[in-house]
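Please read them with the sequence and structure open.

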Amino acid sequence: MLIQKPIHLFQKYALPYWKSLSFLAFFVIAHSILSLINPHIVKFFIDTAVGGGAFSKLLQAAVLFFTIALFTQLFTICSTFVGKKVSWKSTNILRTDLVSHCLKLKIQDHHKQNPGDLTERIDGDVTALSNFFSNFFVTILNNVLILLGILIVFYVEDWKIGVLFTAFTFAVFLIINKFRGYAAPHFMKARKIAEETYGFTEEKINGLISIQKSGATAHMMNKLNVLLKNKLLTERKALMTATASHSITMLTFSLGTVLALGMGTYLFMKGTITIGSIYLIYTYSQMLRVPIEQISLQFEDLQRSSASMERIISLLSTKTETTKGEKSNFCHQAPTIEFKNITFAYEQNQNILHNLSFKVKSGEVLAIIGRTGCGKSTIARLLTRLFEHQQGDIFINGNKIQSYSIASIRNNVAYVTQELELIHGTIRENIALWDEKITDEQIKTAFKQLTIWEWFERQPKGLDTPLDKNTLSAGEAQLIGLTRVFLKKPQVIILDEATANLDIATEKLVMEALKKLLNGRTAFIIAHRLKTLYYADSIMMLEEGKLLEQGLRENLEKNPLSHYNQLLSKGMEEQLA
Ligand SMILES: Nc1ncnc2c1ncn2[C@@H]1O[C@H](COP(=O)(O)OP(=O)(O)O)[C@@H](O)[C@H]1O
Ligand SMILES: [Mg+2]
């Protein structure tokens, strides 16, 4: 989804609700017309009363006054209801789109942003935008109408009052906008600091254990203190500037009241207007305040939401996985996999894989060995499309990897690492990941086969026990990760040091259980231990992202000149560490 301009944002998210928007406009405009009428009724009332008019006339005026007031309030309620509905409906879709977009972002892009910033953008910016969607046009239209209505009434009463208040209105707009401008940058700064504080807290909560382990708690508290102090200072400054400019506006409006009463009395003395007209002029001079403030406020909001819009647009325009691929049916059998002249770099110009080519036949188990940092996990990340290679091609059953949909790849290529990513949920949810085909019985059998039955028996609520990563040992976490693959039976399996945290005896049991699973599937085993490699048909050795050697395990073992053979004789674990 690529959104380039704010107007597209409005078209896509607010315009579909044009019917509700029209209703909103109707309620708002009806409300403003009615609110302009009532002062006239009071004027009539006063003049009739002062002139000794009939009681029935006064009563009629009072009833009319109340009826109009009733409808005015009714329209206010309706417009609030419709307005909120439009703003929530439209922005909820935007929120959902943003979240699903973020979930599809390339891992590369996720690394660039911290979660707090993203949360603030999805929530804060969208809220700022919701006002723009539902309110801006309607409020501006409404208030311009009220303003014009008031000025026209002034001109009708006496042209001098009309001219005076037209000039007054312009002056107030100028003053308000001059002073509003002062507070805005302070508020921007305060918002930025709030964002930073969110980001900081989120990041540090995630890294709580390392912070405590390294004894950096005091340092972190200190940093948080500085951030909070900064937040306080900027927010205080913003609020003080805003209050000062508000006071100036209020003073200006008081001047308006003085003008209205002064002019009214002067004209009354001269006999040009009635006492009811003085009331009218006074009331309308008070009524001027709302539209003037509302119009300025809306333009201020527009500025704020345009900043939000820009940030939302920039997020939405961050490309997700470059090529999506159409093929949703992955191969039904274990595929052949071929890397052809693959070159890949995480950072520009720092190639991690250099022109790497290799082929794994259907159902073959390939062990990838090499020193830490030589690019073994990178191969797995390219194969699961967590990252995108820059040159060369990866073929799955002869088709380019990009031709498969991301979902079909993620469903059929299992990547088991040392790090277990858990979701907030029960053991069942964490193992089956909402796959309804996986039964409780199957999960329990897998636990037995993968030697974590004892652990499972200790869980108080069985499969319904919430799973907490912090209570798992590294070995248990690995076994849980392996259980997932064991049950899912994907066509391609990548075990990336997936048994490294198990003791040798447990690893042997687990590998025996996995052997059945690996049988008939294309698999990659990245491992340090020699014994684990016995489950592989062939071996590939990497050195600094380049292919050093590839061949059938048995052949390499027999060949005294092979690197693999030398590794075995020198002690592989020490050599590869
Ligand atoms: N997300 C990343 N950004 C930048 N460099 C990375 C990233 N992940 C890994 N690397 C670098 O790429 C190289 C290969 O990493 P990796 O494939 O994880 O090695 P290993 O063979 O140990 O699995 C290492 O030098 C590592 O520092
Ligand atoms: Mg690795």
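1. A nonpolar core here is a set of buried Ala, Val, Leu, Ile, Met, Phe, Trp, Tyr and Cys residues joined through side-chain atoms within 4.5 Å. Buried means under 20% relative accessible area, exposed over 50%, and partly exposed in between (1.4 Å probe, protein chains only). The largest such core has 48 residues, of which Phe447, Trp455 and Leu482 touch the most other members. Helix H16 (residues 474-488) gives the most to this core, with 7 residues. Helices (H or I, at least four residues) and strands (E, at least two) are DSSP runs, numbered from the N terminus.

2. On conventions: this is a predicted model, in which local features need pLDDT of at least 70 and side-chain atom pairs count only at pLDDT 80 or more, while totals for chains, interfaces and linings use all residues. Residues are numbered from 1 along each chain as its sequence is written, chains are lettered from A and ligands numbered from 1 in the order in which they are written, and side-chain values use heavy atoms, with hydrogens and water left out.

3. Which residues does tryptophan 455 touch, not counting residues up to four places away in sequence? They are Ile427, Phe447, Leu467, Leu472, Glu476 and Ile480, where contact means heavy atoms within 4.5 Å. A second, separate core of 46 residues includes Leu9, Leu98, Ala260 and Met309.

4. The shell around ligand 1 consists of Tyr346, Glu347, Ile352, Thr372, Gly373, Cys374, Gly375, Lys376, Ser377, Thr378 and Arg381; a residue is counted as near if one of its heavy atoms lies within 4 Å. By class, this shell has 3 nonpolar, 5 polar and 3 charged residues. For that tally, Ala, Val, Leu, Ile, Met, Phe, Trp, Tyr, Cys and Pro count as nonpolar, Asp, Glu, Lys and Arg as charged, and the others, Gly among them, as polar. Helix H11 (residues 376-383) gives the most to the shell, with 4 residues.

5. Polar contacts are pairs of N or O atoms within 3.5 Å; within protein, one must be able to donate a hydrogen and the other to accept it, and residues adjacent in sequence count only if both atoms are side-chain atoms. A polar backbone atom of glycine 373 is 2.7 Å from an oxygen atom of ligand 1, and a polar backbone atom of cysteine 374 is 3.3 Å from an oxygen atom of the ligand. Serine 377 takes part through its side chain, with a polar atom 2.7 Å from an oxygen atom of ligand 1. The protein covers 65% of the 560 Å² of accessible area that ligand 1 has on its own, by the Shrake-Rupley method with a 1.4 Å probe; for residues, only the protein chains shown count as cover.

6. Asparagine 349, in the loop between strand S1 (337-345) and strand S2 (351-360), has a positive phi near 65° without being a glycine. Its relative accessible area is 77%, so asparagine 349 is exposed. Tryptophan 434 also has a positive phi, of about 65°, and is not a glycine. Tryptophan 434 sits in the loop between helix H13 (427-432) and helix H14 (440-449), and counts as exposed because its relative accessibility is 58%.

7. Leaving aside neighbours within four places in sequence, threonine 252 is in contact with Phe168, Val172 and Ile175.

8. Serine 35 belongs to helix H2 (residues 18-50). A polar atom of its side chain lies 2.9 Å from the backbone oxygen of serine 32. Beyond its neighbours within four places in sequence, serine 35 is in contact with Thr72 and Met287.

9. Asparagine 565 is located in helix H20 (residues 563-570) and, at 18% relative accessibility, counts as buried. Its side chain reaches the backbone oxygen of asparagine 559 at 3.2 Å.
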